[in-house]
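I opened the notebook to go through one chain. These entries record what I looked up, in the order I wrote it down.

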Amino acid sequence: MLLWLCVYLVAVFCLPKWADMLFVLAAALPAFAVCKATPIFGSRDCNTIRYPKRAYALTAGFMTSGCALLSFAASLLSRLLGGTATASGGRGDFLYLFVFSCLLPAFFEELLLRGRVLGLVARERGFGIWLCAALFALMHIQLQKLPYAFFAGLILTLLVYLTECVYLGMLLHFANNFAALLLSRLPDTAAYVAAALLAALFVFCFVRLKKTRLYADAVGLLCEVRPDTFFAGLHGAVWLFAVLTLSLGALYLIL
C-alpha cells in the first residue's frame, strides 16, 4: 500500500501527464501484488439497488453541472486577474485528453481514493468521507482546480460509500471528466450559453435530489463526524498519503 501511494504521488507531481499515467500503470501490478491484504472498498458487492436509478441520474447531473460551473467561475476569475485561457486543440489533442484526462484518471484515481484509501477510513464514516474528498482535491495541485475537485470528490466518495461500489465512482468520474473535456472545446460565446444551461440543470437536479433517500443518507453521513476517535486509529498509509500530497503540492506551487 505504501509503495503504491508513493509511486502514484511522485508520478503525478513530477512527470508530464502522459508519462505519469503510463508510469502509474506500469507500477500498479507490482504495487497491488505486494499489498493484497489492503482493503478495496466495495470490491465484492455493489449495492446499487439500494436507491432508484433516478437518484443516480440526478446525482450525476448535479455533480457534472456543479463541477462545470465551479470550473467556469475559476476560469473567469483567472481571466479577470490577467490569466490566459487554454486554447482548444485538434483531433489528436482530443484523443490524447480523452485517454489521459478521462479514461485513466477515472480508473486509477477511483481505485486509489475510493478503493484503497476509503477502505482504510470507512469505519470512521463522516470524517473519513471529508478526508477522502480533501485528499482527492489536493491531488489536483492547481489552486483553481481545488473547489470543483473537492466538490466532485465529496459526491463520489459519498456515492461509493453508500453503494459500496467503486465501479459506480469510476463511471461518474469518467462521465464528469468527459463532459468537462467537451465543454472545454466550446468557443467563448457558446460557453456562456452552456454555463446558463448548466446553472439551470444544477438547480433542477438539486431540488429533485433533495427529495430522495440518497440525499438524506448522504447528509446524515456527512454530519456524523467523530474526530476524537479518528486520528488515533488512522492507518499509517493514509498519513503518508496526506503528508506527501501536501508536501509535493506546496513544492509544486513554490517552484
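**Arg 213 and its partners**

I began with Arg 213, which counts as partly exposed because its relative accessibility is 47%. For this label I used these cut-offs: buried is under 20% relative accessible area, exposed is over 50%, and partly exposed lies in between (1.4 Å probe, protein chains only). The side chain of Arg 213 meets that of Asp 217 in a salt bridge, N to O 3.6 Å. I took a salt bridge to be a side-chain nitrogen of Lys or Arg within 4 Å of a carboxyl oxygen of Asp or Glu. Arg 213 and Asp 217 are 4 residues apart in helix H9, so about one helical turn separates them. Salt bridges with shared partners join Arg 50, Arg 213 and Asp 217 into one network.

Arg 50 and Asp 217 meet through their side chains in a salt bridge of 3.9 Å, N to O. Arg 50 is partly exposed at 34% relative accessibility, and Asp 217 is partly exposed at 22% relative accessible area.

**Source of the model**

I noted that the model is predicted: local features need pLDDT of at least 70, side-chain atom pairs count only at pLDDT 80 or more, and totals for chains, interfaces and linings use all residues. Residues are numbered from 1 along each chain as its sequence is written, and side-chain values use heavy atoms, with hydrogens and water left out.

**A buried pair**

The search of the whole structure gave 4 salt bridges. One of them I looked up next: Arg 114 with Glu 110, closest N and O atoms 2.6 Å apart. Both residues lie in helix H4 (residues 91–121), 4 residues apart, about one turn of the helix. Arg 114 is buried at 0% relative accessibility, and Glu 110 is buried at 0% as well.

**The disulfide**

How many disulfides does the rule give? I counted 1 disulfide, with the rule being a pair of cysteine sulfur atoms within 2.5 Å. The disulfide joins Cys 46 to Cys 165, S to S 2.4 Å. Cys 46 lies in the loop between helix H2 (17–33) and H3, and Cys 165 in the loop between helix H6 (146–163) and helix H7 (166–184), so the pair ties together parts 119 residues apart in sequence. The torsion about the S-S bond is about 70°, so I logged the disulfide as right-handed. Cys 46 is partly exposed at 36% relative accessibility, whereas Cys 165 is buried at 5%.

**Helices and cover**

I found 11 helices and 0 strands in the chain; helices (H or I, at least four residues) and strands (E, at least two) are DSSP runs, numbered from the N terminus. I checked helix H5 (residues 126–138): at 1.5 Å a residue its 13 residues should span 18 Å, and the end C-alpha atoms are 19 Å apart, which agrees. The expected span is 1.5 Å times one less than the number of residues. In H5, 10 of the 13 residues are buried, including Phe 127, Leu 131 and Cys 132. Cys 132 has a relative accessible area of 0%.

For the chain, buried residues make up 44% of the 255 residues.
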